[in-house]
Each structure stands twice: as structure tokens, then as C-alpha cells.
Amino acid sequence: MTRAGAVPWPDDLVQQYVAKGYWRQRPLGALMWEWADAYGPRVALVDGDRRITYRELAETADILAEGLARTGLKRGDNILVQLPNCREFIALVLACARLGVAPVLALPPHREHELTYMAELAKVSAVVAPSNWRDFDHQSLAEHVARIRGHGCRVLVVGDTVRPGNVDLRALMTATGDPAARRHRLDALAPDASEVLLFLLSGGTTGLPKIIARTHNDYEYNARRSGEVCGYDQDTVYLAVLPIAHNFALASPGVLAALMNGGRAVLMPSPNPEAAFAVIEQERATVTSLVPAVARRWLDAAATNHHDLSSLKVVQVGGSVLSPAEAQSLLGGLGGRLQQVFGMAEGLLNYTRLDDPDHLVLTTQGRPICLDDEILLVDDDDVPVPPGQPGRLLTRGPYTPRGYFAAPEHNARAFTADGWYRTGDVVRQDGAGNLTVEGRTKDLINRGGEKISADEVEDLVRSLPQVADVAVVPSPHREWGESVCACVVLKGGQTLDLADIQHLFHERGVAAFKTPELLMFLPALPQTPVGKIDKKALRKLAGERAVPARPTPGRARPARVTALPRP
Ligand code: OOB
């Protein structure tokens with residue numbers, strides 16, 4: 001069964017990937033029981049004071065799978081999942097894998113704007129959300145999204161106050177009955193490994209985010225091979241502080257590889273350093289993954305830290321640029337060995353290796369995990385650049401899908417005719433294959449690892465009646481690396497401030513992290529000789545007006561408004 005909208009790999013490559021052992025042709029739900037059979041009584045997941053063994057996890061996932069089936073979900077269905085890092089998240093992904101139901105992994109900060117779009121794009125049959133999270137009523141939002149989606153879309157809630165009409169997900173996780181019989185019944189429902197396991201969200205380059213269908217085969221390899229490269233074994237204790245809805249924390253190598261190897265995944269709801277340090281000490285965490293923005297916070301906090309972090313063997317950093325100077329301070333700063341990671345929800349993963357010399361760990365973002373990851377660096381005309389020169393990175397491989405889900409027009413631009421994915425990153429490759437990220441051509445803002453499409457923000461700002469034209473560019477930010485800067489041309493006699501934009505974004509239900517933090521007024525947007533908006537010039541202007549770090553993330557933003565003289 002293939003989902004309409006998922007783009008398959010060419011047949012000859014499918015055969016090759018299977019023959020080479022990349023694709024195991026086993027659905028993840030079956031592998032889950034392999035892990036449970038091998039490591040049954042060992043602790044698989046830690047979530048607060050809850051410790052869940054491999055056997056409990058597999059049995060719970062099975063119980064939940066049958067519970068989901070009772071709500072009407074079946075093989076081939078998609079569901080929208082918006083959960084923070086918690087045990088229910090993992091149990092749900094595994095339960096879905098058992099049934100051939102594919103979760104679309106939304107992020108906790110997403111709101112109506114993103115969720116309604118994804119629900120429709122993936123034609124979901126249910127929305128799963130916490131009842132409340134960080135003072136936000138997700139249950140009401142999920143109800144709203146399900147109503148707009150229609151088609152009998154159900155609401156499944158994780159939390160203590162599940163309203164009538166909605167399904168209590170935790171109630172679906174308890175049942176009596178013979179686990180072996182249940183396992184047998186579910187084995188009979190197993191999907192094919194070539195089917196979609198889950199959907200990851202792309203930062204996207206134009207408009208609203210695209211979703212990426214990852215199959216059982218390719219995503220299992222993504223996690224398994226990452227685990228091999230990163231030395232995962234039974235002693236691995238992976239601390240998940242970044243959202244596990246992201247590929248990085250979920251499967252690069254993340255939670256999934258910890259589970260595959262008989263290790264342990266410790267789930268935390270936020271990357272707050274004080275809380276994380278206490279948990280590292282308590283759980284003797286051996287590895288964690290951070291974005292540079294979080295790594296910087298951890299380094300600051302480490303100066304006054306009294307917790308024992310000596311168990312940390314590896315600190316992975318990826319998701320956005322880490323300068324060599326920052327990498328240097330991370331080499332010993334948090335105890336563990338630094339490992340740079342350059343990855344993407346679209347597939348290709350690069351890691352510096354644990355035995356690489358320091359100079360590679362400091363100056364490169366590593367090399368691909370698979371011999372069959374194809375790397376091509378090209379110029380603006382798609383002509384390969386000479387070795388050692390920076391170029392636009394194109395890639396293909398056994399865990400890089402050949403297109404976004406249900407996005408044929410976008411795919412025509414984002415992929416070449418012969419299936420290369422245009423990453424939008426500009427990189428250099430050394431003789432040994434190591435990549436260094438030098439920049440990007442895609443029009444987005446990378447705010448602390450969260451990717452924000454300039455286009456999407458521009459469309460929203462342009463809808464304000466005061467705005468004649470707008471271009472959105474990154475502005476350097478001490479804390480996030482980049483922040484969103486809106487360069488606005490006002491209509492005659494109009495005024496605007498950041499509060500107006502914030503109000504609009506709030507009204508439209510846009511994830512807060514996309515809201516511009518810096519506003520610049522221009523008499524006209526600068527243009528390139530061919531008449532395109534000159535974003536390079538705007539980035540330079542925005543760069544001269546860096547936003548200071550905010551004391552409390554997510555709270556009031558500093559209203560930095562800059563009026564520029566007429567050029
Ligand atoms: C990870 O995945 P995404 O999908 O959120 O973002 C991918 C993009 C890359 O194309 C690149 O532009 C940027 O994020 N990026 C980096 C980077 N790692 C990712 N830019 C510079 N240096 C790096 N080390 O971000 C992701 C997925 C799996 C593992 C790690 C990161």
C-alpha cells in the first residue's frame with residue numbers, strides 16, 4: 001500500500017538498498033518486539049519519575065495500537081501529532097508503526113496556522129495533543145483543527161482533563177488480556193516496510209512548511225546507521241532535550257537508536273540547563289544533542305554548575321552554524337567529546353566521527369553516514385564546482401526521499417529531474433569527504449535551529465493594511481544565532497510597530513517563534529540588476545542592527561524599530 005503523494009525511490013535503487021542491507025524490509029513495529037525480546041527488563045525510557053522497560057514499552061505500544069484501531073484508525077491513515085517530549089509520544093509512534101498509521105510530527109509551538117495546514121495536507125483522520133502545555137489550551141486548538149479538517153477527524157488528548165467527545169489517549173494505553181495474543185493479532189496487521197512510517201516537517205523554503213514522508217525502511221536505517229557511527233550500545237543513555245518531533249533528537253541517532261541498541265532514552269520537556277544538568281547527574285546520561293543556541297546556554301550555565309556531568313561522553317551539536325571558536329569552547333566545556341552534526345529532516349546526515357582529530361571536529365560538520373549517500377556540489381547553473389570549492393549541495397541516497405509529500409510543484413524546484421534533493425545549503429568538501437557549511441541559498445531564517453520560511457512571514461506581514469511591501473531576512477542574534485527581521489515599505493501616511501505585527505501573528509495563530517523581532521522601515525526595497533529584491537543588501541542592513549538577547553525566551557520581545565534614511 002503506497003500513500004498517494006509519497007514519492008518512491010526508483011525500483012533499481014530499491015533493490016540495491018535492500019541487497020546492501022540498508023533497508024531491512026522489516027516494519028518498525030516488528031523491530032520494536034525484537035528489541036523487547038532482547039532487552040525486555042532493561043529500562044528503555046525515562047520520563048520524569050516514570051521508568052519504562054522494553055517489555056512494558058512494547059506491550060503498551062501494542063495496547064495503544066489496538067486502542068487506536070478501536071477509534072477507527074487503520075493502515076494508510078495519517079494523524080497529526082503535537083506532543084512535547086513524553087513517553088506517550090514514543091508509545092504513540094510505535095503504536096502507529098504497528099498499524100501502518102503515519103503520524104505527522106508537529107512541534108509544540110505550532111498553532112492554528114500551521115496545524116490546520118498540515119492536517120489538510122496530510123488529510124489526517126485524528127489530531128493528538130496534550131490537554132494543556134505551557135499554559136496553552138492545546139485541547140481546544142486540536143478540537144478547532146479537527147473541526148476545520150472535518151471528515152470525522154477525531155481528537156485524542158494526553159492529559160488529566162479530557163473533554164467529552166474527545167479520546168483519552170492514556171485510557172487507550174491500559175488493557176488486560178494476553179500480550180502474546182495481542183502481539184499475534186497486530187503482527188497480522190503489520191504494514192510493509194516500504195510504507196510511510198511518519199512525516200517530518202521541513203523548514204521549507206517557500207510558503208508553508210512541507211512534510212516529508214519517511215518510510216519504515218529508510219528511517220530505520222537513518223537511526224540504525226547513525227547509532228553505529230555514534231557508537232551507540234547498551235550503555236548509551238541518550239538525553240533528549242530538543243523536541244523529539246525533530247529528526248535530530250528522534251533518530252539522529254536520538255531516541256530511536258538508543259532503543260535499537262538496548263540503551264536508554266531520557267526524555268526532558270525543555271533544554272533548560274539547570275534541569276538538564278541535574279538529570280545528567282541522576283541518570284548518568286552519556287550523550288545528548290543540542291543546537292548551538294542551547295549549547296551556548298549550557299556553556300554559560302556550566303560556569304556555575306555544581307552537578308556531576310562526568311558521565312557525558314559525547315555532546316552532539318547541529319541544526320545551525322557553529323563557529324570554530326564556539327566549537328573550541330565546547331571541546332572540553334561540557335565534559336563530553338564534541339560531535340558536529342549537519343543533518344536535515346529531508347534525509348542526508350553528516351557527523352564528525354568520535355575519533356576524528358580536533359581540527360576536523362572544529363572546522364567541519366562531518367561526513368555522510370552511508371557510502372551510497374551521493375554528494376554533488378554545483379554552481380548557480382548546476383555545473384559541478386572544482387574539488388575543494390564551495391558549491392550548492394545536492395544529494396541522493398537511501399534515506400533521502402525523492403520528493404516532499406503531495407507537493408509536485410515545489411518538488412519540481414526542490415529536486416532535479418534525476419532525483420537530487422537541492423538542500424539549499426552551500427558547503428565545501430575536503431578530500432576525505434568532510435563537509436563544511438559555508439552558507440545557504442534558501443530563503444529562510446534559522447532561529448536557534450528552528451527554520452522559518454521568509455516567504456511565509458512575508459505573506460503574513462503583507463496582509464497588514466499599512467504595508468506596501470515587505471522582505472524578511474535574518475538578523476544576527478546573540479542567543480538564537482539569527483532572528484527574524486521584517487523590512488517594511490509603508491503605504492503613504494501609515495505607521496506600524498512590532499506590536500501590530502505581533503498582534504497579527506497572534507490573531508492568525510502563527511507559531512510564536514516566527515514573529516519578527518526586528519522591524520526596519522525603508523522607502524523602497526532594494527533591487528538587484530535583474531529586478532529581484534536584493535536580500536543580500538537587506539541582510540547587511542539587518543546585520544548592522546542585531547537584536548540583543550532577550551532575558552526570558554518566549555516573553556515580551558524588545559521593540560527595536562529602525563527607521564532608515566532614504567538611500
Ligand atoms: C536539522 O534538520 P532540519 O530539517 O531542521 O534543518 C536542516 C537544515 C540544513 O539544510 C541546514 O540548512 C541547517 O538545517 N543545518 C545546519 C547544520 N545542521 C543543519 N547548518 C549549519 N551547520 C549545521 N551543523 O537541522 C537536523 C536534522 C538531523 C540532525 C541534525 C540537524
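How many nonpolar, polar and charged residues does the shell around the ligand have? There are eight nonpolar, seven polar and four charged residues in the shell. Here Ala, Val, Leu, Ile, Met, Phe, Trp, Tyr, Cys and Pro count as nonpolar, Asp, Glu, Lys and Arg as charged, and the others, Gly among them, as polar.

The model is predicted, so local features need pLDDT of at least 70 and side-chain atom pairs pLDDT 80 or more, while totals for chains, interfaces and linings use all residues. Residues are numbered from 1 along each chain as its sequence is written, and side-chain values use heavy atoms, with hydrogens and water left out.

**View 1. Shell around the ligand.** The ligand is surrounded by 19 residues, of which Val-341, Ala-345, Asp-425, Lys-442 and Lys-451 are the closest; a residue is near the ligand if one of its heavy atoms lies within 4 Å of it. Helix H9 (247-251) and strand E14 (337-344) each contribute at least two residues to this shell. The largest share, four residues, comes from E14. Helices (H or I, at least four residues) and strands (E, at least two) are DSSP runs, numbered from the N terminus.

View 2. A polar side-chain atom of Asp-425 is 2.5 Å from an oxygen atom of the ligand. A polar backbone atom of Val-341 lies 2.7 Å from a nitrogen atom of the ligand. Gly-319 places a backbone N or O atom 3.0 Å from a nitrogen atom of the ligand. On its own the ligand has 600 Å² of accessible area, and the protein covers 94% of it. Accessible areas come from the Shrake-Rupley method with a 1.4 Å probe; for residues, only the protein chains shown count as cover.

**View 3. Aromatic pair of Trp-9 and Trp-23.** The structure holds 11 aromatic pairs. Rings of Phe, Tyr and Trp (its six-membered ring) pair if their centres lie within 6.5 Å; planes under 30 degrees apart count as stacked, over 60 as edge-to-face and the rest as tilted. The ring centres of Trp-9 and Trp-23 are 5.0 Å apart and their planes stand at 80°, so this pair is edge-to-face. Trp-9 lies in the segment before helix H1 (11-19) and Trp-23 in the loop between H1 and helix H2 (28-39), so the pair ties together parts that are 14 residues apart in sequence. Trp-9 and Trp-23 are both buried, where buried means under 20% relative accessible area, exposed over 50%, and partly exposed in between (1.4 Å probe, protein chains only). Ring pairs join Trp-9, Tyr-17, Tyr-22, Trp-23, Tyr-221 and Tyr-399 into a cluster.

View 4. Trp-9 and Trp-23 are buried. Phe-277 and Trp-298 also form an edge-to-face pair, 5.4 Å centre to centre with 85° between the planes. This pair links distant parts of the chain, with Phe-277 in helix H11 (residues 273-283) and Trp-298 in helix H12 (residues 292-302), 21 residues apart. Phe-277 and Trp-298 are buried.

View 5. Most residues other than glycine have a negative phi, and most peptide bonds are trans. The peptide bond from Ser-252 to Pro-253 is cis, with omega near -15°, and Pro-253 sits in the loop between H9 and helix H10 (254-260). Lys-123, which is not a glycine, has a positive phi of about 50°. Lys-123 belongs to the loop between helix H5 (112-121) and strand E5 (126-130) and is exposed, with a relative accessible area of 53%. His-151 has a positive phi near 55°. The loop that holds His-151 runs between helix H6 (138-149) and strand E6 (154-158), and His-151 is exposed at 70% relative accessibility.

**View 6. Loop residue Ser-311.** Ser-311 is in the loop between H12 and strand E13 (314-318). Ser-311 is buried, with a relative accessible area of 9%. A polar atom of the Ser-311 side chain lies 2.7 Å from the backbone oxygen of Ala-285.

Methods
A polar contact is a pair of N or O atoms within 3.5 Å; within protein, one must be able to donate a hydrogen and the other to accept it, and residues adjacent in sequence count only if both atoms are side-chain atoms.
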